[in-house]
Amino acid sequence: MNYDQARYGDDERYEPLLSEKDGKEVDPGEGSVLPDDLTRDSLELPELSEPELARHYTRLSQMNWSVEAGPYPLGSCTMKYNPSFTDVVAADPNAAVHPDRDPATVQGNLELLHGLQGYLADIGGMDAVTLQPPAGAAGEFAGITVAKAYHEANGDDRSEVIVPASAHGTNFATAAMAGYDVVELPSDEDGRVDVEALEAAVSEDTAALMLTNPNTVGLFERDIEEIATVVHDAGGLLYYDGANLNALLGRARPGDMGFDIMHYNVHKTFATPHGGGGPGAGPVGVTGELAEFLPRPQVREAPDGDGYELFDPERSVGKVHGFLGNWLVLVRAYAYIHRLGDQGLLDASAKAVLNANYLAERVEFDVPYGPFHHEFAATSGDRDAADVAKRMLDYGVHPPTTKWPEMVPEAMLTEPTEAESKSSLDDLAAAFNAAAADSVEELETAPSKTTARRIDQADAARNPRLSWQALGESPDDS
Amino acid sequence: MSGRSEGTPFAPHTAETTAEMLAAVGVDEEAELFDIPDAVAFDGEFGIPARSEREVIGDLRDTFARNDDLTEFLGRGHYGHYVPALVDDLSSRSEFLTSYTQYQPEITQGFLQALFEYQSMLVELTGLPVANCSMYDAATALAEAALLADRVRSTSGETVLVPEDLRDGKRSTLDNYVDGSSLSVATYPYDDGVVDLDALRDRVDDDVCYVYAENPTVTGAIEENLATVGDVAADNDALFCVGSDVVALGLLREPASAGADVVVGEAGALGLPTAYGMGLGLFACREEYLRQVPGRLVGAGEDAAGMRAYTLTLQTREQHIRKERATSNICTNQAWVALRTAMHVAMLGASGLADLAEDCVRNARDLAADLDDLDGVTAPLHDRHHFREFAVGVDDAPAVAAGLRERGYAVHVLDDGTLQVCVTDLNAGERDGLVAAFAEVTDR
């Protein structure tokens, strides 16, 4: 497939840049009822008409890839199609209430939160769920905070969290943020957790093992029961990173595998458009013995059977968000689960896994390990994976995640999700394979059909220009 | 919608293509692809029936209709302003809405430029040269700022100083974020709704590495001595962090001029409906902290053709590269909300934003005056300039709030004798109704 992305920057007249050229300066203090020393002297912001702004943002949108434009097979990111009806549900004006409303006056919202807590608990095999964390990494932090509170309540001073080398960077950062030393666990030659290495790593210092299953090359950790036993025997807790839960919907539950705490990336597994980087939501599920430590407040049915109420778990860790979290994302997740039902959830994992395995068959790069669940890491071998990715842009597909995980050299971590059709997967494979056949020079000079040509990332980092105010300071800027 | 009667309607496969794909993979059925030991396998029975799109929309419409229809005079750090229709329209374009983080900048210039423009607007509003492209909300932004202070502090001090009146959501989030660091949180008092300067001076010593002050304060008072608070912090080599919001910054003196090292707060006051507490954390700071900033940054650069281009930059600070040494664990942020906020600010322009902010002062002043005219009502409780909101003294606050609720109005109850009322462009038209309801309820 050939592809040409929109570009408006070539002609000075059409450069869609807001304020650098179109700013207007006013003095907000002039005529204010406030005394002059409390108000600013100047404010300069874009001052454009509504049609000009409509055109500005429309053009920007046309210079942007999206999952509705084509496949977005970013491994471990689960970029699936987002059904539009969830936008309709989330836009209901009755749901957009202020968070300080008396709970008795927002029974509809509480009913939805209570229902979602229940669905997520069932899907994860957990006993209690908090919906408060506003993203997956925030869920990790809430979960590890709960683990810490649990150990402390038992008078148990533990200092380490174990994380497999292949895990998401957020796991390491979260454990450090919570004050733990991070113990990195190597993978075995099959790409899975090395149980012997785990046995050597656990100790009375082990607070938790953070694990993704299937892991970040799409492999199911078949020894999960043994892993759970090793961690639990050492007095540690088993934490499930929900990034790859889409592969397991209805087929296995983290709670049944021995996990004590998990987060759900509801914006990945269920449905929320990723919005160019967020918002997401990262609810956390725990087993019964950890429920009393969950962030406050929680939702439950009122004891008199009359509606729903908020309550604070007895030994709550407190809060990880100012209010109740990313409400509009939670609404979409609830609507999506309702739409799919049991059979839809099962089919989502079936098609996601089928698609990954089909694409892995079609790609001519080497694909180590296996069998795969929802994603696989091809290797571009002696070719630079980042260059291959840039070349794929010219073929009208978004490339996979590159150079990660490190256990696969020149990794191209590919996750097509259930949203791609057979013909779309064939196009993706064709893009992989065309790039594999192209010369190194063609790869290094790609892309040529996108809005921008190859961007000099090193220069952008060396000479940071982070606002239009800073552009004027750059000697390179003309 | 897929024509298939069961399974997800959002997978495009037909029975024929599924069969072809299974054959290509070399299995007879999808179940064979799952490498899950029997002992941990699940049967898929959750008891959730599938529903049609129309049923789901209808069911949830009914659910939300169970919320009471109240006119909200609620604020305390979370605000509803009218969001122009164009913001909904443009931000909902699928090229924005269904895009991912800009890991391939050549194909995501549109979103990157929009975020660059958002950063630029915050630089203008805060007076600080660096703004990131979002934290989750004001509470997490405040907490991240404390962790930044821990990384950059030049003193041995380990105390984070915040107002006694800080909202619980912010305080508790802050407590959790600093729990893994060497920092501890302490408070300083307010006097008549703003910082008690004498008490603050007494409290700040070598142990303090971070002073946080809000402008406007949690009860809407405009802080008249912000620069003095900044001096107290600076004299002790403590980082000075100011909490504000994107509308207030359009009128009030930019925090950088009061010596702010970091500005945090709520940027979703524009672009986002109240959304039951969903937010957009604003985060800006001085240039020297650039490499310690949490979250994502968009930078301008050049492409191979010499054209200006935008890219995520300084990613060596981030968790996907630095792992446990990252400046924060944030990955998914609030980018789409930041896009909406930028659109809303652009819609207003400099004069529109300044006017909106000025209305926040006038509306609060006028409503307070009307309420203060009522017997048994004191408003504003604090003798200050106010932005959007103010505390109200009454005899029996819970009873008054309950009476207002019966008449269709929601206000905050702060304690037995104090309410708080917030007025913006959204509810200003209901002002007379609120005052009349107050009169009925407080009439003895």
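This is a predicted model: local features need pLDDT of at least 70, side-chain atom pairs count only at pLDDT 80 or more; totals for chains, interfaces and linings use all residues.

Biologist: OK, and what kind of peptide bond joins A:N213 and A:P214?

Modeller: The bond between A:N213 and A:P214 is cis, with omega at about 0°. Another cis peptide bond joins A:G370 and A:P371, where omega is about -10°, and A:P371 sits in the loop between α10 and β12 (376–379) of chain A.

Biologist: While we're on backbone angles, what is phi of A:S76?

Modeller: Phi of A:S76 is near 70°, which is a positive value in a residue other than glycine. That serine belongs to the loop between α2 (50–62) and α3 (85–90) of chain A.

Biologist: Let's switch to the two chains. How many residues does each bring to the contact?

Modeller: Chain A contributes 193 residues and chain B contributes 168 residues. The area buried between chain A and chain B is about 15700 Å², and carbon and sulfur atoms give 61% of that area. On the chain A side, A:R40, A:R339 and A:L466 lose the most area to chain B, although together they account for 5% of what that side buries.

Biologist: And polar contacts across that interface, how many?

Modeller: The rule finds 90 residue pairs in polar contact between chain A and chain B, counting pairs with both residues at pLDDT 80 or more. Helix α10 (residues 327–362) of chain A supplies the largest share of the side of chain A that touches chain B, namely 28 residues. By class, that side of chain A has 95 nonpolar, 52 polar and 46 charged residues.

Biologist: Where do the salt bridges come in?

Modeller: Side chains of opposite charge can pair when their charged atoms come close. Across the interface of chain A and chain B there are 14 salt bridges by the rule, and the count over all chains comes to 48. One pair that crosses between chains runs from B:R253, in the loop between β8 (239–245) and β9 (262–266) of chain B, to A:D41, in the loop between β1 (23–26) and β2 (43–46) of chain A. The closest N and O atoms of B:R253 and A:D41 are 3.5 Å apart.

Biologist: What about domains, how is chain B divided?

Modeller: The domain assignment gives chain B a domain 1 made of 71–81 + 349–442 and a domain 2 spanning 85–344. The centres of those two domains, taken over C-alpha atoms, are separated by 28 Å. In chain A the assignment gives domain 1 (9–64), domain 2 (84–339) and domain 3 (342–457), and the C-alpha centres of domain 1 and domain 3 of chain A lie 40 Å apart.

Biologist: Last topic, aromatics. How many pairs over all chains?

Modeller: The count comes to 19 aromatic pairs over all chains. A:Y150 and A:F293 form an edge-to-face pair, 6.2 Å centre to centre with 90° between the planes.

Biologist: Why does that pair tie together parts that are apart in sequence?

Modeller: A:Y150 lies in helix α5 (residues 136–153) of chain A, while A:F293 lies in the loop between β9 (284–286) and β10 (298–301) of chain A, so the pair ties together parts that are 143 residues apart in sequence.

Biologist: And A:Y308, where is that found?

Modeller: A:Y308 is in strand β11 (residues 308–311) of chain A. Leaving aside neighbours within four places in sequence, the contacts of A:Y308 include A:Q107, A:H114 and A:R300. A:Y308 and A:H114 are 194 residues apart in sequence, yet 7.9 Å apart in space from C-alpha to C-alpha.

Methods: Residues are numbered from 1 along each chain as its sequence is written. Chains are lettered from A and ligands numbered from 1 in the order in which they are written. Side-chain values use heavy atoms; hydrogens and water are left out. Domain bounds come from an automatic or database domain assignment. Rings of Phe, Tyr and Trp (its six-membered ring) pair if their centres lie within 6.5 Å; planes under 30 degrees apart count as stacked, over 60 as edge-to-face and the rest as tilted. Helices (H or I, at least four residues) and strands (E, at least two) are DSSP runs, numbered from the N terminus. Contact means heavy atoms within 4.5 Å. Buried area is the accessible area (1.4 Å probe) that two parts lose on being put together, summed over both. A salt bridge is a side-chain nitrogen of Lys or Arg within 4 Å of a carboxyl oxygen of Asp or Glu. A polar contact is a pair of N or O atoms within 3.5 Å; within protein, one must be able to donate a hydrogen and the other to accept it, and residues adjacent in sequence count only if both atoms are side-chain atoms. Ala, Val, Leu, Ile, Met, Phe, Trp, Tyr, Cys and Pro count as nonpolar, Asp, Glu, Lys and Arg as charged, and the others, Gly among them, as polar.
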